Amino acid sequence: MKSITKKLVLPAALGLLVSVALLWANPVCAQAPGSFAPPTTPMAQRNAMNLVINQGRWFQNATRTASSYSGRGYGLLVQQFQSVRDQYASFKSTLTAQQLTAGANRVAELDSGLDIIQEAFTDYQTAVANGQSNAPAFANMCGVLNEAIGVWAREFRQDCRQLRVG
Amino acid sequence: MKQSIIIRGYWRWFPPAAVAAVLIGCASTETARKQPTPRADFIEYRQIVVQAMSQVDGTLRALDELSVRANRDPRPAYQAFAKAVHRIEVDSIRVRARAQAMGARGDAYFEHWEAYLAGVKNEQVRQLAEQHRPALKQSFEQAHLASQQVREVFRPFLSDLQKLRAVLEADPTLARIDAAKGLILAAQDEGRQVQQGLDRILGEMNSMTAMLRPPGTIPKR
């Protein structure tokens, strides 16, 4: 009985050791110790894509409620928009070299889209500086930001499909 | 006894099977990934330009109506104008983003259009793309130039529309509209420049489409 158990345990242990060693060495499935390169696996891309989409939705929610934050609403929206940008930057770092090359125009357009949406913050400040009342100027800005990020998110999802993200 | 021998037999294969599974699993994360789909960039860009033209036309009509209705009840005309300004603020993002990306990437942007054309299924289109390559490149450069001009004039156009909306928001009366006529005229002038720029882009997109259409093909409606 003991000899039978030994015969089972040794190969199993050896197999486990080899599997771990291969996982450690494989650059696709594992990150080498000390490496800071983000993973470009389909799962990593899918997670990053979903984070961008969720951050976009939270930003849209913020545009609908910001006016109730009496004075702090603008800062909140700026912060939330920066979070969208940050998540999108993280998402881009999960793309493979092939995806970045094939999707270079799309990525450039998404980058530009965020730059253009950001102009709404400057437009609000200009409107107030030119004498418009704060409340309607803020409401205009929130309306534009809410819809604009929705347009951008649709383009983002479409581009992710075409780039075979995840 | 016989059963335990069979079970032991199966377990003997477990370690190598585990190794094989790991290798297959690792390989499948990369080799099974599908190729990115090439995008019909210039076809999409043409569609976006056509939409932008319609939006600018609508905004200029709403602006004209402000002046036309000023001496009666300008409120409905103002509401329509404010709505048009909001629409153009949002809906112009796509065409502006493409123009900005085109400006940032220059020739590299056109190379992607070429890559798409080199990969289309229709062999005639592929041959036409190769045959007309210099002329396509020239059309792209003209469209690129027109896009940058539209970008440059669009910001002041939008800015004047927003200023006008702000001025009239509290009280859209004949007096206020009259006081803002300088701003109205400036916005109309800038809007026409945007329209001309978009017309030029569309003209180049149509030339490219004509160069790539195989003879005898009926255009889609």
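A residue is classed as buried if 20 or more other C-beta atoms, placed from the backbone, lie within 10 Å of its own. By this criterion, 33% of the 221 residues of chain B count as buried. The structure is a predicted model, in which local features need pLDDT of at least 70, side-chain atom pairs count only at pLDDT 80 or more, and totals for chains, interfaces and linings use all residues. Residues are numbered from 1 along each chain as its sequence is written, and chains are lettered from A in the order in which they are written.

Chain B contains ten helices and zero strands, helices being DSSP runs of H or I of at least four residues and strands runs of E of at least two, numbered from the N terminus. With contacts defined by C-beta atoms within 7 Å, residues 24 or more positions apart account for 80% of the contacts in chain B with a separation of 6 or more.

Buried positions in α3(B) include B:Phe42, B:Tyr45, B:Ile48 and B:Leu66.

Between the chains, the axes of α5(A) (residues 104–129) and α5(B) (residues 93–105) come within 8 Å and cross at roughly 120°, axes being lines fitted to C-alpha atoms over the stretch in contact and angles running from 0 to 180 degrees between N-to-C directions. Residues of α5(A), among them A:Ala108 and A:Ile116, meet residues of α5(B), including B:Ala97 and B:Arg105.

Conventions. Buried ≥ 20, exposed ≤ 12 C-beta atoms within 10 Å, placed from the backbone. Contact = placed C-beta atoms within 7 Å.
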